Amino acid sequence: MRKLVNGLYGAAEWLAMAALCVIAILVFAQVMGRVVDSLLGLFGLPPFGFLVPSLAEIAGFLLVGASFMALAGSLRGGAQIRVTLGLAAMPEGMRRVAEVFVLLVGAALASFFFYYAAKLALDSHRFNELSYGIIAIPLWIPQAVMALGIGIFAVALLDDLFAALTGRSPSYLATEDGAAEEV
């Protein structure tokens, strides 16, 4: 089971990275098209007129996908911003209770968000909602990626909640402890 959920977290991180790479490639292509047009204009030639249609909209959808798909990996890697001042001042037993409470609330909120994000994607699919850009993109696609990312994040929170309840250290604390030892 551990191998399966770690594979899920890893796949989500790879998808987030791929979305960011696609954004970079599309923006680079658009910029290069403008550079070529400028160079052609310098030589008195007509511009080629290359452009990536709906670039801003597609990049926005990809950025949303990358952001949500990276949530679980950033939590497990200890890269999310957490306020630990209050926890650091607590005795160990109280800190563990507070950690479990926060993980429980976070998992509940993420699960709630997942349910309604998935419901939104299903409704968009059912009603065939499309974006308003030059390229009409079915809205259920970016919404489904968002729902999938928040669903994987909910699984990561539940995973850490189970670890905290069984007396093990949540993944993000293990990363913090390792980082503190390196310094």
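A crossing is left-handed if the near helix is turned anticlockwise from the far one by less than a right angle. That term applies in two of the views below, all drawn from a predicted model.

**View 1. Helix α2 against helix α6.** α2 passes α6 in a left-handed crossing. The two axes come within 8 Å and cross at roughly 15 degrees. Angles under 35 degrees count as roughly parallel, so α2 is roughly parallel to α6. On the α2 side, the contact is made by F61, V64, G65, F68 and M69. On the α6 side, P142, V145, M146, L148, G149, I150 and I152 take part. Sorted by type, the residues of this α2 and α6 contact are 10 nonpolar, 2 polar and no charged.

**View 2. Helix α5 against helix α6.** α5 covers residues 92-126, and α6 covers residues 140-165. They pack at an angle of about 160 degrees, with their axes 8 Å apart. Angles over 145 degrees count as roughly antiparallel, so α5 is roughly antiparallel to α6. Here too the crossing is left-handed, as α5 passes α6. The residues of the contact of α5 with α6 divide into 23 nonpolar, 6 polar and 2 charged.

**View 3. A110 within helix α5.** A110 lies in helix α5. Is A110 buried or exposed? Its relative accessible area is 4%. Buried means under 20%, so A110 is buried. Which residues does A110 touch, leaving aside its neighbours within four places in sequence? They are I150, F153, A154 and L157.

View 4. S54 sits in the loop between α1 (2-42) and α2 (55-69). Its relative accessible area is 10%. With the cut-off for buried at under 20%, S54 therefore counts as buried. What does S54 contact once its neighbours within four places in sequence are left aside? The partners are G133, I134 and I135.

View 5. G77 is placed in the loop between α3 (71-76) and α4 (85-89). This glycine, G77, is partly exposed, with a relative accessible area of 34%. How many residues separate G77 from S171 in sequence? The separation is 94 residues, yet G77 and S171 are 7.1 Å apart in space, C-alpha to C-alpha.

**View 6. The whole chain, for orientation.** The chain has 7 helices and 0 strands. In sequence order, the pattern reads α-α-α-α-α-α-α. The chain's radius of gyration is 22 Å, well over the 16 Å that the globule rule gives for 183 residues, so the chain is more spread out than a compact globule. Along its principal axes, the C-alpha trace spans about 75 × 45 × 30 Å. Of the 183 residues, 30% count as buried. What share of contacts between residues at least 6 apart in sequence joins residues at least 24 apart? That share is 72%.

Note on methods
Residues are numbered from 1 along each chain as its sequence is written. This is a predicted model: local features need pLDDT of at least 70, side-chain atom pairs count only at pLDDT 80 or more; totals for chains, interfaces and linings use all residues. Side-chain values use heavy atoms; hydrogens and water are left out. Axes are lines fitted to C-alpha atoms, for helices over the stretch in contact, and angles run from 0 to 180 degrees between N-to-C directions. Helices (H or I, at least four residues) and strands (E, at least two) are DSSP runs, numbered from the N terminus. Angles under 35 degrees count as roughly parallel, over 145 as roughly antiparallel, 65 to 115 as roughly perpendicular and the rest as oblique. Ala, Val, Leu, Ile, Met, Phe, Trp, Tyr, Cys and Pro count as nonpolar, Asp, Glu, Lys and Arg as charged, and the others, Gly among them, as polar. Buried means under 20% relative accessible area, exposed over 50%, partly exposed in between (1.4 Å probe, protein chains only). Contact means heavy atoms within 4.5 Å. The radius of gyration is taken over C-alpha atoms; the globule rule is 2.2 Å times the number of residues to the power 0.38.
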